[in-house]
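I opened this model to look up helices, cores and aromatic pairs. My entries follow.

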Amino acid sequence: MSGRYRRRYSDDEDMEDTKRRRGPEIIDLGATIVEHIATLGQKGESSVESELENLAQMLKGDIDEHKEVILNAISEGVVYQTQKVTMFSTLIGLLNASKFNFGGDVIKRLIADLDKRLQDHDYRHSTNIITFLCDLANAKVVTVVSVLEFLEVFVAALFDDDVPQVRTDWCCYTVLKSLPYVGQELSAKKSEGFENLFDGLKRYIEGRKKTHVPMIQVWSATVHEQEDYIDCLWAQISKLKGDNWVENHFQRYYIAFDSALTDSLQHNLPSIPLPPHVSSTVYPCPRVVFRLFDYSDCDADTKAVLPGAHSIERFLIEDDIHHIIHLNIMDRKRCAAELLDYNKRHAVPLNYVIVECLFGQLMQLPTSPTLELFYGAVLIQLCGLQPSGMPQVLAQAAQLLYERLDTMQPICVQRLVDWFSYHLSNFQYKWSWNDWTDCMAGDSLTPKAYFVREVIEKCLHFSYHQQVTEFLPPSFDQMIPEKPLFIDVIDEEDPHADVAEKFKEALRAKKTGEEMLVIVKRAPEHVELEPDAMDQGEEVDGTTFRIFFAMLLNMAQKSFSHSFAAFTRYHVTLRSAAEEREQIQGVILRTLYDCWKNHKQMMLVLIDKLLKMQVLDASIIVAWVFSDEMKGEFDRMWLWEVLCASVTRMARHYKLLVKEVAELEKQASDMVTPKKEEDDAMGEEKIEDLKSSDVTETARVHSKLGELKPKLEKIESTFRLIILDIVHKFIVTLTEHYMSADNLGADGASSSYINYTSGRLRQFFLTYAEHLWFFADDLQKELFSAVTIDPRIAEIFVQFRALKV
């Protein structure tokens, strides 16, 4: 017998021995049940109706033994598999027909889940449960009248006093979203009550405020206006009502089992009280419905027609697509595959719907649902999976977005810049650039010129200067940035050239940070390399420090890593100098800009590094960004990113401290001494040990709180002042230009500057919305209550606050 066969024979024997020792294979029936429920409708071997019938038959015999397993699986499916609502409701209907008590158990479980999710402010998944509970009326599990009463609770909440509109908007949206499922049943069997409910919705929608809409519109005054989501859904539901509640989207599987379900005993759906409003509750933020395509934009070869903007099918399809994206935000490959495998893919021009939904999430304000990079990664994956169709649709989308740049918000323009440059970097920078030559017709602050210039700058981050010059046509030469080279600000003819040489020697000699700190305290004419032989000055000399820092940048210019290493070696010098004399931070920023002004990425990365090392303060960066010397760069994205980097770093620090203090306070409140009955059950020695450890832990927690609370108060005060300072500087800048435009007449450049700056102010509000809402009363009191403030500026703040109230 050969060695190969001996090994195989031996392996087979070992396997048999293992089986004999382990006994017969045990099948986990609970796991099998979960798998059957989770994969319902996905097998494709038979019709869904057959699968439902077989699964219901199988579960009937296992309900008593595996009831909790089945309830858990159904509960999970209802929340996370919303595209299977009618499958699950049919399955519950079939089980309820033969096991009435089990139908009641399902309702109790879902009501309990709903109550918990509402208490936890999980409004997205609460809406899914409510929609499913309403659909159970179609499967004859719950009575139609109880569904109507259930929905009336939410409609009544629309007219509650002293609650924010975002709360009532969620109630309205939830009811509207449920109506495509159950509207026909309600209309047929409870028409009068349903009309009253519909009238209540109409009265609320007509009376609700829409001050917030301009703040979150991606663009305005274009063919595809960005419509408020409640208004859009109301128009779609109204059209559905006009069509007698007949839609072409749902596969209503319970119709096939009508004879089995008709005689079922039905349950009453209990009404659930909504949790009372508290000021700390975070409700879903208002949004607009992103529209990029209509049926005329779709390829003529596409057989399916894109549903109209106010058809309910458009809403339901988009809701399915958004749900698929939401479920797969951690896996771009799976997300792309599931999007292309959407079960309604033959009913719509799927590529157009997918692209529109992805861009809708990318552009969503105030923030995208997930990392913006994710959407770019998914689009690249989609192009790879479907190279014959998706790239063409994506190119068409990019062109449409370019055409709408003139009224697009700067925050969305910036996201578009980031996406498009990233996308080009993955496709060899191939693009029909000559179609965009009109961007050079106006001034540099027109949205199209700004967009193209920043895209080219970002492409330089992903590639190199020579490649940028090669992929751009000659007509774009004026848009090509300077070569990203280091500028030696102290040349041989500089009066301080000899001092610079001394610093070069010191850096080559690897002087320590402490030694270098002593050297930079001397005036330039007294700089010597032996600190022991010198008298130490009282404070750092600004000119000497500038020479030192310029030489440090020069010696470390080779790469980011070299610069980081240099900053780390001389961290003591940099930080001590900056702390001793605040003006030194301005020297650092100006020197950094003078040396690296042609390499914006290097500027951004090095400033962020110095922030992290606590060499630079956010307040100094804010002052520098808005200073006169940086006016020439105020319209550049890199400077805005520097400002945001400083605020973001402080915001993170503040948020971490808030969280740590809250956890310690909870820990302190939870500490209690043992109860008397526990004392009686334990020995005296154990009680003393326990009490001693409790006292020690309590002391530690309170000591830590005593340390952190003053820090939190200090950083909160600093953060508040920075927020106020930034908004104040925006107000001053805008006021100056509004006054100039009103007095002298606004030319194109002035209008562009005003639109750009006001857009950046909106972006600041939206980017840091969580923190600005916290400081909103301070902003109102100290900045926006002034009688001198221009109403056009004040309106931005009014629109921002309307997102929360």
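**Helix 35**

I began with helix 35 (residues 776-784), whose buried residues are Ala776, Leu779, Leu783 and Phe784. Buried means under 20% relative accessible area, exposed over 50%, partly exposed in between (1.4 Å probe, protein chains only). Helices are DSSP runs (H or I, at least four residues), numbered from the N terminus. The four cover an arc of only 65° around the axis, so they sit on the same side of helix 35. That arc is taken from the directions from the helix axis to the C-beta atoms. On the face turned away from the buried side I found the exposed residues Asp777 and Lys781.

**Ground rules**

The model is predicted, so I kept in mind that local features need pLDDT of at least 70 and side-chain atom pairs pLDDT 80 or more, while totals for chains, interfaces and linings use all residues. Residues are numbered from 1 along each chain as its sequence is written, and side-chain values use heavy atoms, with hydrogens and water left out.

**Helix 17**

Next came helix 17 (residues 372-385). Of its 14 residues, 10 are buried, so helix 17 is largely enclosed by the rest of the structure. Among the buried ones I noted Phe374, Tyr375, Leu379 and Cys383. Their cover includes helix 14 (312-327), helix 16 (350-362) and helix 19 (410-425). Contact here means heavy atoms within 4.5 Å.

**Cores**

The largest nonpolar core has 183 residues. I read such a core as a set of buried Ala, Val, Leu, Ile, Met, Phe, Trp, Tyr and Cys residues joined through side-chain atoms within 4.5 Å. Phe359, Phe451, Phe545, Trp624 and Phe765 have the most contacts inside it. Helix 32 (residues 684-744) gives the largest share of this core, 16 residues. Apart from it lies another core of 87 residues, including Ile37 and Phe198.

**Aromatic pairs**

I found 54 aromatic pairs in the structure. Rings of Phe, Tyr and Trp (its six-membered ring) pair if their centres lie within 6.5 Å; planes under 30 degrees apart count as stacked, over 60 as edge-to-face and the rest as tilted. Phenylalanine 420 and tryptophan 431 pair edge-to-face, at 5.2 Å centre to centre and 80° between the planes. Phenylalanine 420 lies in helix 19, and tryptophan 431 in the loop between helix 19 and helix 20 (447-462). At 2% relative accessibility, phenylalanine 420 counts as buried. Tyrosine 593 and tryptophan 624 are also edge-to-face, at 6.4 Å and 70°. This pair joins helix 27 (residues 583-596) to helix 29 (residues 618-625), 31 residues apart.

Terms used:
Helix = DSSP H or I, 4+ residues; strand = E, 2+ residues; numbered from the N terminus. Expected span 1.5 Å × (residues − 1).
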